[in-house]
Amino acid sequence: MPGIFVRDGDSFEVALKRFKKLVEKAGTLAEVRKREAFDRPPVKRKKKEIEARKNRNKRSSGGRPSRKSY
């Protein structure tokens, strides 16, 4: 769990903002959301396949849009 040191003269809002930034950077909230609900093994497998397909498509396109042949 990330923690911050509150300096003298820092307001609560500034300290909270720094803490939120650290939590977001560490990925803590994303991990909590991921673990909120239980996914059955077949559902996990399906999600993994879909994600792999998306990544494969991104890599194969090379980042450039394909030319249209008229």
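User: Let's start with Asp-39: what is its relative accessible area, and does that make it exposed or partly exposed?

Analyst: Keep in mind that this is a predicted model. Buried means under 20% relative accessible area and exposed means over 50%. Asp-39 falls in between, so it counts as partly exposed, with a relative accessible area of 24%.

User: Which residue does Asp-39 meet in a salt bridge?

Analyst: The N to O distance in this pair is 3.0 Å, and the cut-off for a salt bridge is 4 Å.

User: How many salt bridges does a search of the whole structure find?

Analyst: For the whole structure, the search comes to 3.

User: Now Glu-31 and Arg-35: about how many helical turns separate them?

Analyst: An α-helix has 3.6 residues a turn, so residues three or four places apart point the same way. Since Glu-31 and Arg-35 are 4 residues apart in helix 2 (residues 28–36), the separation is about one turn.

User: Which of that pair is exposed, and which is partly exposed?

Analyst: Exposed takes over 50% relative accessible area. Glu-31 has 30% relative accessibility, so it counts as partly exposed. At 63%, the exposed one is Arg-35.

User: Staying in helix 2, how far apart are the C-alpha atoms of Arg-33 and Lys-48?

Analyst: Arg-33 is found in helix 2 and is exposed, with a relative accessible area of 57%. Along the chain, Arg-33 and Lys-48 are 15 residues apart.

User: What span should helix 1 have, and how far apart are its end C-alpha atoms?

Analyst: Helix 1 covers residues 12–26, which is 15 residues. The expected span is 1.5 Å times one less than the number of residues, so helix 1 should span 21 Å. Its end C-alpha atoms agree with that, being 21 Å apart.

User: Which residue follows helix 1, and what is its phi near?

Analyst: Helix 1 ends at residue 26. The residue after it has a positive phi. That residue is Gly-27, with phi near 80°.

User: Last one: which residues form the positive surface patch?

Analyst: Patch residues need over 30% relative accessible area and no salt bridge. One member, in helix 3 (residues 41–61), is exposed at 51%. The patch is formed by Lys-46, Arg-53, Arg-56 and Arg-59.

Methods:
Residues are numbered from 1 along each chain as its sequence is written. This is a predicted model: local features need pLDDT of at least 70, side-chain atom pairs count only at pLDDT 80 or more; totals for chains, interfaces and linings use all residues. Side-chain values use heavy atoms; hydrogens and water are left out. Patches are made of residues with over 30% relative accessible area and no salt bridge: like charges are joined within 9 Å, nonpolar side chains (Val, Leu, Ile, Met, Phe, Trp, Tyr) within 5 Å. Accessible areas come from the Shrake-Rupley method with a 1.4 Å probe; for residues, only the protein chains shown count as cover. A salt bridge is a side-chain nitrogen of Lys or Arg within 4 Å of a carboxyl oxygen of Asp or Glu. Lys and Arg count as positive and Asp and Glu as negative; His and the chain ends are not counted. The place of a charge is taken as NZ of Lys, CZ of Arg, CG of Asp or CD of Glu. Helices (H or I, at least four residues) and strands (E, at least two) are DSSP runs, numbered from the N terminus. Buried means under 20% relative accessible area, exposed over 50%, partly exposed in between (1.4 Å probe, protein chains only).
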